[in-house]
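Subject: A structure for you to look at

Hi there,

Here is the structure I promised to pass on. Have a look at it first, and then read my notes below.

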Amino acid sequence: MNFSVTYENHIVGARVRECIDSMVRNLSSDLAANVHVVFNEAIANAITANLRKGQKEITVAWHQTQGHIRLEVQDRGGGFEYQNFLPKPMPAPEATSGRGIPMMKRLCHKLFYLPTDNGVRLHAIWNLDSG
């Protein structure tokens, strides 16, 4: 399943939430919760990236096979230095930011970013064989 969403006032429509709900319907409750958290954080990061370029469109892709799930979220914000964020540990409890990417890494089996022409595409992968 692939779709793009254009948002106003930084609010992503109920349609997107309904799509994710339908995609995780047959997953275990723990896995569904992890997918929801990663999805919400990825959308929040994409909106933040888009703000830099005045963009209001995010593309979401969902691929599910017998063995794995791959969620992709692409922004149009010109990208960011994602290489600097992936190796970082969880920040101190008193930190006011910086938890999102380390948290997403912990909630899926594999997380990586690839550059696009006008932003980045997050790939979050869960292996269904191992929960």
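A salt bridge here is a side-chain nitrogen of Lys or Arg within 4 Å of a carboxyl oxygen of Asp or Glu. Please keep in mind that this is a predicted model, where local features need pLDDT of at least 70 and side-chain atom pairs count only at pLDDT 80 or more, while totals for chains, interfaces and linings use all residues. Residues are numbered from 1 along each chain as its sequence is written, and side-chain values use heavy atoms, with hydrogens and water left out.

Now to the salt bridges. The structure holds three of them. In one, the side chains of Arg121 and Glu72 meet at 2.5 Å, N to O. This pair links distant parts of the chain, since Arg121 sits in strand S5 and Glu72 in strand S3, 49 residues apart. (Helices, H or I with at least four residues, and strands, E with at least two, are DSSP runs numbered from the N terminus.) Both Arg121 and Glu72 are buried, where buried means under 20% relative accessible area, exposed over 50%, and partly exposed in between, using a 1.4 Å probe and protein chains only.

Glu72 also meets Arg70 in a salt bridge, at 2.6 Å from N to O. Glu72 has a relative accessible area of 6%, whereas Arg70, at 24%, counts as partly exposed.

Another salt bridge joins the side chains of Arg76 and Glu57 (3.5 Å, N to O). Arg76 lies in the loop between S3 and H3 and Glu57 in strand S2 (residues 57–64), so the pair ties together parts that are 19 residues apart in sequence. Arg76 is buried at 16%, and Glu57 is partly exposed at 28%.

Next, follow strand S5. S4 and S5 form a hairpin with four residues between them.

Finally, helix H3 (residues 100–107) has Gly100, Ile101, Pro102 and Met104 as its buried residues.

Happy exploring!

Terms used
Pairing = 2+ DSSP bridges.
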